[in-house]
Amino acid sequence: MGSHNKKHHIMDSKGLVVLVIYIIFIKASTGLQRFSEQPRYTEVNPGEDALLTCKVIEKRGVCSWQKDNKPVGIYPKKYEWASSSMGMHAPHPGGDCSLWVRSATLDFDDGIWECQVTASDFTTQDALTSQPVRLVVRVAPQRPRLEQEGIHIPPGHNVTVDSGATTTVKCVSHYGNPPATLRWYLGDQELLPLHPQTNSTEPDNPRTWSAASVVQVPATREKHGETLKCLAFHESYPARAIPVEGRLDVRYAPTIRLMGEPQIDLEEGKDSLVLRCEADANPPASIVWRRAGRSEIASLQESLNLRPISRRDAGLYTCQAQNSVGSSETLSVQIDVKYPPRITTAGPDRHTTAPLFSPAAFECIAEGNPLPTYKWVQKISGYGNNVVDRGSEPRLVINNVTYDYQGEYECRATNYINGQERSVTSEPIQLQVVGAPLVLRTNSENGHTVSVRRGESATISLVVCADPRPRHVAWEWGSLRLEAGAGVGRYRVDDVIQDSREDCYLATLHITDANPADARPYYLVVENERGVDRHAINLRVEGMFAEPLGLSYLLGIVGGVLAAFLILFLLCIHVVRTKKCCFKGRSTYNTKEKDSEKADLKSRVDMTGSGGVPPLDSIYTTPTGFHHHHHHNGLQGSPEAMKIPVLRTFGYHVP
C-alpha cells in the first residue's frame, strides 16, 4: 500500500513538471516580450552624455527607468529616449528603450540604474526589469600616498627598514570614482601585493571610493637606495596614471676598510702618514681610532693624520665603526717609524791610557730603527786618512795592547732606510799606550836581514816605540856597543828621530865599505824607565867567497856530483847481475866469470868496512869560522842544517 502511494506521488510530480514546460512553451509561442539587450556598466566623465542601452523583443508594454530604486522621469536635455520613434511619455511599438543621460553629474546621475517594461496586459504578467547596472560619473582620485606601519610617508621620503627584516607598506588612493587601480614597483621590478586591492566608499562622500593595496618588502643591503613606487591608474588622470615614490632606506651595521697603509719606510721628521678608515654603513657610522697600550682615543675622524711622523707615533693602531644597527669588525695597522742612528754613549772616556800588553775595552751604544750595525776604526797616526778596522760589535775588546793600537778610535753606527745608508760617527776616543820600549818586528820574509854588496855602505834601521821616550838607544854586535849619536871607524849611529807614528822613533846604524867580516846580527837595545827591549837584524854581504859559508856550499856541490856517479855505477852492477840471472843455464855462460865478479864485489865490501868509506857521522861537517849567537830574534845557521846527507843505494855505503 505504501509502495503504491509513493509511485503515485512520483507520477504526480512528473506531471506537474510537464505542465509547467507546456505552459512556458505556449506562452513563448504566443510572443511574450523579453530583453534582447540589457543595460551595461557605464562610465562617463562629468558633463558628458551617457547612453544606457535597453532593447526589448515583442515589446507591447511601456518603458521606464529607475535609479537607486526610484523612478526617473523623462526630461528634455537631461533624460531623453534614445529612439526617435518613442515619444516623451507614450509607449511606442518600437523595442528600443535606451536612455540618454545628458550632462552627467556625480550627484544626480551616478548610481544604480534599471530598465523596466510594463506587462502586455494584466493577464499575461510579462513585465520586465533589467539587471541593475552602475552608471559611474568619473571623479579623479586624489594623489596616492604611502603609509608604513600606519605612518604617512611624504613623496620622495625614506621607507626605513633594518637589513634582513621585512616591512609592510600601504598605498592609498582617496576620493576616486571609480576607485583607482594600484600597482607596485621596486626599481624596475613589479611587486605582487600581499592580498588583492580593497575598495571602499569614503565615509564623508559615499559616491567616491578609497582604494588600498598592501605590499611586503624584504630589506637587504643590496636594495638600499632603490625606489619603491606605487602607481595609481585612473581614466580621469591626464596621463592615466600618477605615481607616488619612496626611497628604500635599508639600515645596516658598518663594514670598514683601511686605506693609506704605508708601502715604504716612514722616516722620522721627513714623511707624513694619513690613514683612512672608510665605513660603509646606514645610518652613517662614527669612527674611533685607538692606539694599543693607551687608554685615550687617538682620533674620532675618518682620517688619522700624522704630520710629520715621529718615533713617538710608532705602534699598533686600530679603527672601528659603529652606528645604531651595530659595530664593525676591528682593523689594525702597525706603524713603524724609521730614524737614523744616533750614538748615545761612546767611551767610557774620551782619553784612555793603557799599559803595554794589558787589555783595553771600549763600548758604543747607538739608537736607531732599524737597529744599527757597528764598526770600530782606528786612525793611524801620521798616515793621513788611513784607518784600520778593529771590530764590528758594540763593545771593542783589545786583549793585548801594543803600540800598534795607539791612536784615535771612532765608532760608526749604520742603518738603512728605504735602501739608503744612514751613518753616524762618534767623537774620537784617544788611546794612549805607555810602557817599556818595543822594537817593531816586521812580518816580511827578509825583514830581519839587510843585504849589501861587498864594498858598499850598509844602513840598518829599526823602529822602536816607547812611552815615555827612550833614554838609552844603542847598537850592539860582537863585543861592541855604540850609543845613538856616536861613531867609531866605519860605524856610525844616528840620533833617534821621530817616526810618523806617535811615540815611535827611528834608530839607524851606518856601516861604510862593508866586507865579509861585517856579516853578522846587529842588536838594537832600547831602554826607558819602564823597561828594555832588544832585537836583532842580520847583515849579509854579497860577493865571491866573501861569505864564511861559501866553502861549505862548494863542498855540497862536489858531494852531489860524486853521489850521481855512485848511483850510475850501482845501476850498472845491477844490470849486469840481472843479465846473469836471466842467462843462467845457457851453455855460453862462463861460471868462472861469475865467481870472479862475486869475489870482486866481496873485496869492495871488505874495503868499505875497513876504511874505504868514512863512517856515517863523519860526512856531516860544520864550516870553519861559524859562530852561533843565542838571542830570541837572531837568525844564524844551525850546524845540523849544514850537514851533507849520505846517499844509500842498494844497501851499500858508497864513498
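The S-S bond of C54 and C115 has a torsion of about -80°, so this disulfide is left-handed. Helices (H or I, at least four residues) and strands (E, at least two) are DSSP runs, numbered from the N terminus.

Before going on, a word about the model. This is a predicted model, in which local features need pLDDT of at least 70 and side-chain atom pairs count only at pLDDT 80 or more, while totals for chains, interfaces and linings use all residues. Residues are numbered from 1 along each chain as its sequence is written, and side-chain values use heavy atoms, with hydrogens and water left out.

## Disulfides

How many disulfides does the structure hold? There are 6 of them, a disulfide being a pair of cysteine sulfur atoms within 2.5 Å. Counting bonded cysteines along the chain, the pattern is 1-4, 2-3, 5-6, 7-8, 9-10, 11-12. Here are some of the pairs.

| Pair | S to S distance | S-S torsion |
|---|---|---|
| C54 and C115 | 2.0 Å | about -80° |
| C277 and C319 | 2.2 Å | about 70° |
| C364 and C411 | 2.1 Å | about -85° |

The torsion of about 70° makes the disulfide of C277 and C319 right-handed. C277 belongs to strand β23 (residues 273-282) and C319 to strand β27 (residues 315-322), so this pair ties together parts that are 42 residues apart in sequence. The bond of C364 and C411, at about -85°, is left-handed. That pair links distant parts of the chain, with C364 in strand β31 (residues 360-369) and C411 in strand β35 (residues 407-417), 47 residues apart.

Are these cysteines buried or exposed? Buried means under 20% relative accessible area, exposed over 50%, and partly exposed in between (1.4 Å probe, protein chains only). C54 is buried at 0% relative accessibility, and C115 is buried at 0% as well. C277 and C319 are both buried, as are C364 and C411.

With a relative accessible area of 39%, I365 is partly exposed. Setting aside residues up to four places away in sequence, I365 touches R342, I343, T344, T345 and Y374, where contact means heavy atoms within 4.5 Å. R342 is 23 residues from I365 in sequence, and the C-alpha atoms of the two are 8.6 Å apart.

## D109 and its partner

D109 is found in helix α2 (residues 106-109) and is buried, with a relative accessible area of 0%. Which side chain makes a polar contact with that of D109? The partner is K78, at 2.7 Å. A polar contact is a pair of N or O atoms within 3.5 Å; within protein, one must be able to donate a hydrogen and the other to accept it, and residues adjacent in sequence count only if both atoms are side-chain atoms. Beyond neighbours within four places in sequence, D109 is in contact with K67, K78, Y79, V101, R102, S103, A104, L135 and V137.

## V561 in helix α3

Finally, V561 has its place in helix α3 (residues 550-582). V561 counts as partly exposed, at 44% relative accessibility.
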